[in-house]
Amino acid sequence: MDTHDTEGGQERTEFAGAVYGSLLAASVVAGSAVDGTPVSAGDLVVVLICTGVVFWLAHVYAWVVSSRTQPLTWQRLRTAGRHDWPVAQASFPPAIGAAFASSLGLSDKASTWVALVVAVASQAAWAVAAAVTARASARVVALSGAANLAMGLAIIALKTLVGSH
């Protein structure tokens, strides 16, 4: 059965989309200043949101065209769009973080770090929320958060290593 068509599956997939979208946002932020020169906070906001929306559209397209048993309809596109919206939505918190940091007068570099920390924290929080919603044990909840935090920290480490060269 397709997870887009099931109530429980939809809930799990929405969390998966949010975790994936947060990881994507962290990757976008990390890759935005690979030469060590940060982009402006405004440019970072635009890149984050546009990338999130493009990946959301790609997810919607891939789901709809991969299901050969059902005809392509606007209803199926809308359903897939609503279902996968967390992929795009996950880019909003880091974008807001960058904009807020900039509005406080922080440098573009500081705004970039704020966006990155927000993206990683969001990723870990979504993973924990998914595990809690699935009624996982406390151990699995902790492992979910820790595993996602480790992935986010790996992105930060890579950004630091690449940015220092």
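**Notebook: aromatic rings**

I looked up Trp126 and found a relative accessible area of 36%, so I noted Trp126 as partly exposed. I am working from a predicted model.

Next I looked up how many aromatic pairs there are. My search of the whole structure gave four.

I then took the pair of Phe15 and Trp126. Their ring centres lie 5.8 Å apart and their planes meet at 55 degrees, so I wrote the pair down as tilted. I checked where the two residues sit: Phe15 is in helix H1 (residues 7–31) and Trp126 is in helix H5 (residues 108–133).

Is Phe15 buried or exposed? I found a relative accessible area of 13% for Phe15, which means buried, since the cut-off is under 20%.

I turned to Tyr20 and Phe55, another aromatic pair. I noted 6.5 Å from centre to centre and 50 degrees between the planes, and the pair is tilted. Tyr20 is in helix H1 and Phe55 is in helix H2 (residues 41–66), 35 residues apart, and this pair also links distant parts of the chain. For accessibility I wrote down 32% for Tyr20, which counts as partly exposed. Phe55 has 32% as well and counts as partly exposed.

Which residues form a cluster of aromatic rings? I found Trp56, Trp85 and Phe92 together in one aromatic cluster.

Last, I looked at a charge and a ring. Arg76 lies over the face of Trp63, and I noted 5.1 Å from the ring centre.

Definitions and conventions
Residues are numbered from 1 along each chain as its sequence is written. This is a predicted model: local features need pLDDT of at least 70, side-chain atom pairs count only at pLDDT 80 or more; totals for chains, interfaces and linings use all residues. Side-chain values use heavy atoms; hydrogens and water are left out. Rings of Phe, Tyr and Trp (its six-membered ring) pair if their centres lie within 6.5 Å; planes under 30 degrees apart count as stacked, over 60 as edge-to-face and the rest as tilted. Helices (H or I, at least four residues) and strands (E, at least two) are DSSP runs, numbered from the N terminus. Buried means under 20% relative accessible area, exposed over 50%, partly exposed in between (1.4 Å probe, protein chains only). A charge sits over a ring if NZ of Lys or CZ of Arg is within 6 Å of the ring centre and within 35 degrees of the ring normal.
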